[in-house]
Amino acid sequence: PAGASDAISAIPIHYFDTKHTPVFILQHGAYGFAHNRMTEHCEFGHNGYFLAWGTGIKDMYEHRKKGSCEIIPTGSPMIDSILKKCRGQTKRKRVCYIPNSAYRGNVAYYPNGQPCLDSMMVLREIKILKTLEPFASTYTITYKAAPTGAHYYPLFGVNPMLAWVTKHMPKLKRETKPLQDILHAFDLLIIDWPTTTLVQAAATNAQILVVTGN
């Protein structure tokens, strides 16, 4: 379901490449929102197939890929399921802040280097949350942590933000369910990183606010 961004997935991909056995990689998140040379290697650096959600992926990476993989637009069952649940627009009373919760302990995976340090990302989330806090009495505001946010992982550690929000901003609701299960419960989605979250949000009738910069 993902490319060779770490040894766990890179080893089997390399093995089957050497055996001339086709490898199929499925698009699992957003691509094309930033030029990241690592993506050109880890996602498109093999000799099999990459099943993309849309034609834009092929347009951007066809001449950037480091392997001979064939990029095939196939659509996304996940996005289709979100579209089927769309409802009419309502007043903006239910707000959800969906941060990029993929703390990795290093910046190699992301473009632009230093702005993607874990510490910088935490400070950015806190800044956005403090901006939202005064509106908690007017709107229902939810902090959407990743499903893994409440658990410790040996590779990535633990996301500190869920505990921080619980302690410092008790008026805000906290949610860790998978995003596609709760997207339609909100009228306004605030996103600070244009990954899969933005693609999923765009498939709803909710209004979207994308926060850029630090």
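These legends go with close-up views of a predicted model. Local features need pLDDT of at least 70 and side-chain atom pairs pLDDT 80 or more, while totals for chains, interfaces and linings use all residues. Residues are numbered from 1 along each chain as its sequence is written, and side-chain values use heavy atoms, leaving out hydrogens and water.

**View 1. Helix α6 and its buried side.** In α6 (residues 161-168), M161, L162, W164 and V165 are buried (under 20% relative accessible area with a 1.4 Å probe, protein chains only; exposed is over 50%, partly exposed in between). Those four sit on the same side of α6, because they cover an arc of only 160° around the axis (taken from the directions from the helix axis to the C-beta atoms). Helices (H or I, at least four residues) and strands (E, at least two) are DSSP runs, numbered from the N terminus.

**View 2. Y31 meets F44.** This is an aromatic pair (ring centres of Phe, Tyr or Trp, using its six-membered ring, within 6.5 Å; planes under 30 degrees apart are stacked, over 60 edge-to-face, the rest tilted). The Y31 and F44 centres are 5.9 Å apart with planes at 70°, so they pair edge-to-face. The pair ties together parts 13 residues apart in sequence, because Y31 lies in the loop between β1 (24-26) and α2 (37-42), and F44 in the loop between α2 and β2 (49-52).

**View 3. F44 again, now with F50.** F44 is buried at 0% relative accessible area. Its pair with F50 is tilted, 4.6 Å centre to centre and 50° between the planes. Ring pairs link Y31, F44, F50 and Y61 into a cluster.
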